[in-house]
Amino acid sequence: MKYSIPKTITNIESGWCPGCGHGIVTRLLAETTEELGISDKVIIVRDVACGSMQSGVVTYNNIGAAHGRTIAVAAGAKRIRKEDIVIANPGDGSAYSIGIESTMHAALRNENILALVVNNSVFGMTGGQMSPTTLPGQKTTSSPYGRDTSYNGNLLDIMKVLNTFDIAYLARGSVDSPSAVMKAKKYIKKALMMQQDNKGFCLVEILSPCPTNWGLSPEDSLKFIKEKQQEYFPLGEYVDKGGYDK
Amino acid sequence: MEKISIDVSRCKGCGYCICVCPSGAITKSEEVSKKGYTVISVDESKCVQCGSCYKMCPDYVFQIF
């Protein structure tokens with residue numbers, strides 16, 4: 001089988017650290033839009049975080065939103081440009097902490113956008129602080145003895161929050177192995193097809209490695225996702241309005 | 001028959017390809033890129049063109065065609 005890099009990916013070197021999952025997620029997005037023939041219609045709303053470095057890597061039009069407001073800005077962009085495919089690209093800190101209210105209300109309004117959340121369980125760009133998805137016991141720069149749930153609170157599983165909402169699609173994938181990457185691609189493709197048919201709000205979360213801030217080697221980061229992160233964040237499709245299993 | 005092609009100038013040496021390659025064709029080379037990363041090298045005789053490295057690479061080093 002042939003595998004070639006999508007045309008929307010430029011030759012510019014990304015600013016991500018070695019082993020960062022953002023590169024894989026960006027490629028999946030480029031592949032799926034190319035397969036659906038919608039590459040020239042995509043508008044990406046990027047965040048002020050590691051995800052913002054996507055703007056140089058892919059040739060899509062993009063909007064730089066304020067931190068945590070990507071989903072709200074994407075909802076506005078979609079309302080004005082209904083024929084375009086609008087993708088909000090926040091991280092877990094942005095979508096579940098600073099911007100949890102825009103995530104919730106966009107879901108309540110069933111805005112016709114895709115929120116592609118890259119969940120690496122830390123605030124990456126600011127230096128690896130604890131985020132709402134940091135695992136209990138996980139060491140970060142703001143929880144140096146590990147997250148203590150009695151003091152720092154419990155972690156947030158967005159699938160448990162949004163699966164009762166009237167939205168089009170909700171799924172969680174991972175990029176810890178080639179098979180998981182292919183599954184994640186399937187989820188993204190399904191969500192984009194739903195947006196093309198105006199089905200409503202889609203949220204796809206991808207568990208992604210952050211070797212730099214986890215203090216692990218890239219290889220151990222993949223094991224960390226498989227053994228620890230997936231224990232708290234099980235993979236799969238949680239809401240699916242159906243009809244898109246192709 | 002397909003052939004693997006690599007662009008090591010993009011490689012950051014994370015080693016995901018090494019741990020997912022089913023035939024052990026990819027190894028760390030001794031070559032250091034301009035940016036200071038120890039890049040990978042591929043033994044084409046061992047490569048089975050499965051595409052695992054392409055799927056896992058965050059820096060778009062691999063292509064198979």
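The sections below take up these topics in turn, and the model they describe is a predicted one.

## Overall form of chain A

Chain A contains 10 helices and 9 strands, and its C-alpha trace spans about 50 × 40 × 35 Å along the principal axes. The radius of gyration of chain A is 17 Å, which agrees with the value near 18 Å that a compact globule of 246 residues would have.

Of the 246 residues in chain A, 57% are buried, while the chain exposes about 9900 Å², of which carbon and sulfur atoms supply 52%. Among the contacts in chain A with a separation of 6 or more, 69% are accounted for by residues 24 or more positions apart.

## Nonpolar cores

The largest nonpolar core has 59 residues, and those with the most contacts inside it are Ile188(A), Val204(A) and Phe62(B). Helix α8 of chain A, covering residues 178-196, gives the most to this core, with 8 residues. A second, separate core has 23 residues, including Ala74(A), Ala107(A), Met159(A) and Leu203(A).

Beyond its neighbours within four places in sequence, Val204(A) is in contact with several residues, among them Leu114(A), Val117(A), Tyr169(A), Ile188(A) and Ala191(A).

## Cysteines

Over all chains, a search of the whole structure finds 0 disulfides. Cys210(A) is in no disulfide, the nearest cysteine sulfur being that of Cys50(A), 6.4 Å away; Cys210(A) counts as buried, at 10% relative accessibility.

In chain B, the sulfur of Cys11(B) lies 6.3 Å from the closest cysteine sulfur, in Cys17(B), which is too far for a bond. Cys11(B) is also buried, with a relative accessible area of 6%.

Definitions and conventions:
Residues numbered from 1 in each chain as written. Chains lettered and ligands numbered in written order. Predicted model: local features only at pLDDT ≥ 70, side-chain atom pairs only at ≥ 80, totals over all residues. Heavy atoms only, no water. Disulfide = S-S within 2.5 Å. Buried < 20%, exposed > 50% of the residue type's maximum accessible area, 1.4 Å probe, protein only. Core = buried A, V, L, I, M, F, W, Y, C linked by side-chain atoms within 4.5 Å. Helix = DSSP H or I, 4+ residues; strand = E, 2+ residues; numbered from the N terminus. Contact = heavy atoms within 4.5 Å. Rg over C-alpha atoms; globule rule 2.2 N^0.38 Å. Areas by Shrake-Rupley, 256 points an atom, 1.4 Å probe, with all protein chains shown as cover.
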